[in-house]
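Hi everyone, thanks for coming.

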Amino acid sequence: LNSINFDFIPPLSDFMPIIDYVEKIWANATILLAQDNHSIIGISAFYCNDNKYLEGYWTVMGISKKHRGIGIGKELILKMIEINKNEKMKLIKMETSMENKVLIDLVTFFGFRIQSFGTSRKDGSTPVYLKIYL
């Protein structure tokens, strides 16, 4: 996550130190990794452990710059949706920035729909909340 931290709008480290975030998702989330020659080139982390409301939450996806545009993100999204279905989740929620048009276009292709927009952040970005019913 360190190598792609500043690819996020705002950077992940604006919310908490990267090491703390990694420890949080390692302890509580399902993590999917894409690898090339034993190097991690993509990650997707999500929670599908809400047994009360059956709502999954997709917390992060990132692909190394040199491996973007070749379908790794699509594979990670499909696998994440499959796992949430297998865990009997009814929907998956996510948050991104309105400025992240590439991700918004990608996830809406898979059926995510914009639900609402948040108040502008300190860095000027606008949060957008999406979800998909499974």
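Let's start with a word we'll need: buried means under 20% relative accessible area, exposed means over 50%, and partly exposed is in between, using a 1.4 Å probe and protein chains only. With that in hand, 42% of the 134 residues of the protein count as buried.

Now some housekeeping. This is a predicted model, where local features need pLDDT of at least 70, side-chain atom pairs count only at pLDDT 80 or more, and totals for chains, interfaces and linings use all residues. Residues are numbered from 1 along each chain as its sequence is written, and side-chain values use heavy atoms, with hydrogens and water left out.

How big is it overall? The C-alpha atoms fill a box of roughly 40 × 35 × 30 Å along the principal axes. The radius of gyration, taken over C-alpha atoms, has a globule rule of 2.2 Å times the number of residues to the power 0.38. For 134 residues a compact globule would come out near 14 Å, and the protein has 14 Å, so the two agree.

Next, the parts list. Helices (H or I, at least four residues) and strands (E, at least two) are DSSP runs, numbered from the N terminus. Here we have three helices and six strands, and along the sequence they follow the pattern α-β-β-β-α-β-α-β-β.

Who are its partners? Two strands pair if DSSP finds at least two bridges between them. Strand 1, residues 30–36, runs antiparallel to strand 2, with seven bridges joining them. The two form a hairpin with two residues between them, and Asn-37 in the turn has a positive phi of about 50°. Strand 3, residues 55–63, also pairs with strand 2 in the antiparallel sense, over six bridges.

Find Gly-42 on your screen. In strand 2, Gly-42 is the bridge partner of Ala-34, and Gly-42 also stands opposite Ile-63 in strand 3.

Last stop: Asp-50, in the loop between strand 2 and strand 3. What does Asp-50 touch, not counting residues up to four places away in sequence? Glu-55 and Met-89, where contact means heavy atoms within 4.5 Å. Asp-50 and Glu-87 are 37 residues apart in sequence, and their C-alpha atoms are 9.5 Å apart in space.

That's my tour, thanks!
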